[in-house]
Every structure is written in structure tokens, then in C-alpha cells.
Amino acid sequence: MKKLLLPTSIVGSLPKPAWLAPPQKLWSPWKLEGDQLLEGKQDALRISLQEQQLADLDIICDGEQTRQHFVTTFIEHLSGVDFENRKTVKIRNRYDASVPVVVGEIARQKAVFVEDAKFLRKQTNKPIKWALPGPLTMVDTLYDDHYKSREKLAWEFAKALNEEARELQDAGVNIIQFDEPAFNVFFDEVNDWGMAALERAIEGLHCQTAVHICYGYGIQANTDWKKTLGSEWRQYEEIFPKIQKSKIDIVSLECHNSNVPLDLMELVRGKKVMVGAIDVATNTIETPEEVADTLRKALEFVDAENLYPSTNCGMAPLSRNVASGKLSALSAGAEIIRKELGI
């Protein structure tokens, strides 16, 4: 990958076009079927790519246009999971959701996102990043009626994720990002086996790998939870030491408009850090200077060659106009800092 200081990218999702799925919703149902759905997803991916290119982002992703949800779309392609007879569970200890049930042995029958990644790779010469759910977050997004052990289930998911990640790498993906919002909640599990399961998922990869740990989409359940966390959000302090010792290359975290003490980034010194400089829980579009200010503060704890300006989380629940404005602000803010650094 060509070396560029302060390479910009988004964490994951962008809003879907209204003709593909009802906008500003998670788990939004498709409006198309069959071949029309496949064509529609590819058209949406092209639009997502154009939005990122117009905003002059440096690392391109698919905006999660080809999937309904960042976790369950991967799970629904695995054997051993029943999506018909669902159960209600409390996800991240915060909100109830109707989820699929593990009823048998977990196995990846075929590639899930590889063809989509190949399609994206053909559309751009820029580095591309692909997001997969992390093992612990997958465990926390369904009901296990088979293994009866979160750890055992996580290891099975890690095996399936590793198979997918290796094929994504072969398809030309430069960075594979594992989304682990559950890392911010289940600290004992992260340190006992969650980090080890994630390392199993990246086994044998030579592309760059990232772990994304945030405080969630800008939905009510998450914003309500944040209000209970006090004036300092120190969750990262519980898990960063383990991550710092891991083989993961990049750590993605939430910064802008959060109460995360930025000095916690010292705990992952030496890693590349995707600094969330865009708040996805508000419709207010940041100014380039606001983005730059977040990045300046981060540079106290992250070397410039390791700083990757990004968003706090995905933007699926936002309007397309707001998301587009935030993309442009991210790019413009990073350019301010590049000029200040004489790059």
C-alpha cells in the first residue's frame, strides 16, 4: 500500500439509497429481490464509492451497501444457525433485539463477501478496507442453544472468520477490519479469551488488520447508555493493554464528542490508530477545523505516521446528505493537519 500520512477512511456503513432499503434504519429490509437485488446492491456500492471519492478519502470501503447488518449478514451464511425461530436477547447489556439461534455446529459453507470485495476492487485503484464482525460481538448478537459456552462459540466463529478473511485478502483487500463493540462491555471475556479468539481470526493474514471498538451507532439505546458513563469514559483502559500486545495492526476508537480521555491512546503506542474524528450520533456536520482539532489532540499520543483519521462508527442511521457532509469534513480536516505538519 502506498505510504500516505494521515490516510482517511470511514469505519463501516454509509446510508443506503431509499430505493434499495428504507433509510436511516438498522436491519432495514431490502426492497428488491433476486437479480434485481444483486444489481441494486452493486449500484449502491458504486454510489458509496463515488461519495468517498468525491470526498477525497484515501482508503475506500463498501459502505456496507451489500449487507443488512454488520453482524447478522455474515451469520446468516453459516450453517448451524436458525433465523426462523428467533429469540429475544439483550445485546451489549443495553437493548433487546430479536436474534437468530445457534442450533448446531457452526461452519462456513461458502464465501460471504468475497464476490462483493472483488467487485469493489475492480472499481478503484485506491487501497480498500473490508469490515467483518469480531467473534465476541457475534456471540453477543445471537442466542446460543448448542454450544452453551460463549467461549466455545467464539472460537468456532473465529475459524469461520479466518476462512473468509483469507479469501478477502486474496481478492485484493488491503485492510480487514473486525468490528468488536462488545470489547467495550465484556472486559473479562476480552482478556480471558476474546482477544485470543480475534487473533485466531487473523491467523495467517499478511494484509493489514484492524479492530474497531466504539460506543455504538447513534441509536437511542446507545446514546442513553453513554449518559450513564459519567464524565470520563475509561472502558478502553481495560482492554488496550491486551490489544497492544496482540498482532492486530490498527486500533479504531471513538474520540470526537466523546468523554474518552485521549491519553488512553498511550496504551496502544506503536499501533496504528484510526481516530474517530466524526460523531455519528448527531446530524450536525463537523467543520474541518473541528476535525483538525481532534486530530491535533490525538497527535500528542499517536505518532503522525500511525494516525488514520476516521469516523467514530458507521453512518447507516444518518441521512445521505449529512453523511456526505461528514465525509468531506473528515477529508478537509485531515488536510489541515497535513499542511501544519508540512506534509
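Residues are termed buried under 20% relative accessible area, exposed over 50% and partly exposed in between, with a 1.4 Å probe and protein chains only. By this criterion E151, at 36% relative accessibility, counts as partly exposed; its place is in helix α5 (residues 150–170), helices (H or I, at least four residues) and strands (E, at least two) being DSSP runs numbered from the N terminus. The model is a predicted one, in which local features need pLDDT of at least 70 and side-chain atom pairs count only at pLDDT 80 or more, while totals for chains, interfaces and linings use all residues. Residues are numbered from 1 along each chain as its sequence is written, and side-chain values use heavy atoms, with hydrogens and water left out.

Strand β7 (residues 250–254) is largely enclosed by the rest of the structure, because five of its five residues are buried. Both of its faces are covered, with I250, S252 and E254 buried on one side and V251 and L253 on the other. Strand β7 runs parallel to strand β6 (residues 208–213), to which four bridges join it, and H212 stands opposite S252; two strands are taken to pair if DSSP finds at least two bridges between them. Pairing with strand β8 (residues 272–276) is likewise in the parallel sense, over five bridges, and the partner of E254 there is G276.

Salt bridges (a side-chain nitrogen of Lys or Arg within 4 Å of a carboxyl oxygen of Asp or Glu) number 25 in the whole structure. In helix α9 (residues 288–298), K297 and D293 lie four residues apart, about one turn of the helix, and form a salt bridge whose closest N and O atoms are 3.3 Å apart. Both belong to a network of salt bridges that also links E289, R296 and E340.
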